[in-house]
Amino acid sequence: NTRVIALQTGEIDFVYGAAGQIPSEAFVRLRDMAPNFAAAVSPPLATRVLAMNSARFPTDDRAVRLAINHAVDKDTLVRTVLDGIEPRADFLFAPRVPYADVGLKPYGFDRAAASRMLDAAGWTLGRDGVREKDGRRLAVEIDFVGTNAQQRAIAEVLQSDLSRVGIDVRLIGEEESSILARQKDGRFGLIFGETWGPPYDPASFISSMRTPSHADYQAQVGLPEKPGIDATIAEVLATTDETERRRLYAKLLTTLHEAAIYLPISHAVAIEVHRTSITDVGFGATINEIPFAAMRPAAR
């Protein structure tokens with residue numbers, strides 16, 4: 001909010017960086033205040049996802065993970081919580097990421113399908129509206145940084161959406177250091193994360209999946225496919241044959257998608273808002289690159 005005031009009073013000329021530099025509602029308001037201000041959103045840079053723990057009840061059940069993917073109304077979430085700034089994500093990587101456009105079918109929002117999947121997997125609806133199986137309730141936890149208002153808002157929407165198909169959700173907001181510790185040791189049900197964006201996606205990000213200190217490793221460790229996933233990662237990073245590299249990426253991303261180990265939410269973007277006293281404001285290749293050299297004072 002201080003940045004917004006500084007921009008409006010002329011103390012600063014522009015704001016640039018990851019969405020969240022200023023409140024999303026302020027971005028939308030300033031974008032509509034032409035001709036005094038101009039604003040833009042970059043193409044997708046990274047993916048905001050929740051990793052689901054395949055080694056912990058009840059997300060060790062693929063049917064539960066699939067149902068969670070189908071039960072979340074991402075379009076409404078993006079419109080209401082993110083003010084439409086970040087586009088909906090259907091996959092771990094945006095199709096524009098190198099090697100990521102492999103023809104996967106998204107898990108679309110379908111509450112009825114989610115309920116049918118849980119029914120077929122033996123999860124019966126209890127009197128309190130929560131499903132049970134073998135005497136155990138279908139209850140998950142979502143772990144997030146407690147001071148991150150955006151993560152909290154998204155988690156509350158997920159809690160509401162999942163309750164409609166009989167999944168009880170407990171929200172756990174903690175200090176960032178505690179959330180990082182959970183990512184490393186696997187003490188989570190669903191946990192927030194992001195891919196790394198350019199120039200690190202996909203190679204550096206998938207390489208980290210083999211390291212126990214990352215949420216991705218902990219989320220995948222319960223999968224019977226995990227040894228094959230790690231072997232494919234090693235192969236794709238080592239090969240110098242472009243055709244083989246594409247084949248291996250397709251194999252890896254298809255395996256992860258079919259395991260439904262991730263719940264993609266949206267694609268993180270960069271934003272810029274500037275006073276029209278400057279021109280030629282654009283985006284760099286990475287989130288941290290600001291193309292100052294191209295900017296000019298506007299003609300008077």
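Which residues are buried in α6? In this predicted model, the buried residues of α6 are Gln 151, Ile 154, Ala 155, Leu 158, Asp 161 and Leu 162.

## Helix α6

An α-helix has 3.6 residues a turn, so residues three or four places apart point the same way.

Helix α6 comprises 15 residues, 149-163, and at 1.5 Å a residue it should span 21 Å, which agrees with the 21 Å that separates its end C-alpha atoms. At its N-terminal end α6 is capped by Asn 148, a side-chain oxygen of which lies 3.1 Å from the backbone nitrogen of Gln 150.

## Salt bridges between separate elements

Over the whole structure, a search finds 18 salt bridges. One of them joins Arg 137 to Asp 168, with the closest N and O atoms 3.4 Å apart. Because Arg 137 belongs to strand β6 (residues 136-137) and Asp 168 to strand β8 (residues 168-174), the pair ties together parts that are 31 residues apart in sequence. Arg 137 counts as partly exposed at 35% relative accessibility, and Asp 168 likewise counts as partly exposed at 31%.

A salt bridge also links the side chains of Arg 182 and Glu 141, at 3.6 Å from N to O. Arg 182 lies in helix α7 (residues 176-185) and Glu 141 in strand β7 (residues 139-145), so this pair ties together parts that are 41 residues apart in sequence. Both Arg 182 and Glu 141 are buried.

## Helix α10

Within helix α10, Lys 226 and Asp 230 are four residues apart, about one turn of the helix, and they form a salt bridge whose closest N and O atoms are 2.9 Å apart. Lys 226 counts as buried, with a relative accessibility of 5%.

Ala 231 also lies in α10, which runs over residues 226-238, and with a relative accessible area of 37% Ala 231 is partly exposed. The C-alpha atom of Ala 231 is separated by 9.7 Å from that of Leu 252, which is 21 residues away along the chain.

## A buried arginine without a salt bridge

Arg 65, placed in helix α3 (residues 62-71), is buried yet has no salt bridge, and the nearest side chain of opposite charge, that of Glu 225, is 6.1 Å away. Leaving aside residues up to four places away in sequence, Arg 65 touches several residues, among them Met 52, Asp 60, Leu 223 and Ile 261.

How values were computed. Residues numbered from 1 in each chain as written. Predicted model: local features only at pLDDT ≥ 70, side-chain atom pairs only at ≥ 80, totals over all residues. Heavy atoms only, no water. Helix = DSSP H or I, 4+ residues; strand = E, 2+ residues; numbered from the N terminus. Buried < 20%, exposed > 50% of the residue type's maximum accessible area, 1.4 Å probe, protein only. Lys, Arg positive; Asp, Glu negative; His and termini not counted. Salt bridge = Lys/Arg side-chain N within 4 Å of Asp/Glu carboxyl O. Contact = heavy atoms within 4.5 Å. Expected span 1.5 Å × (residues − 1). Polar contact = N/O pair within 3.5 Å; in protein donor to acceptor, adjacent residues only side chain to side chain.
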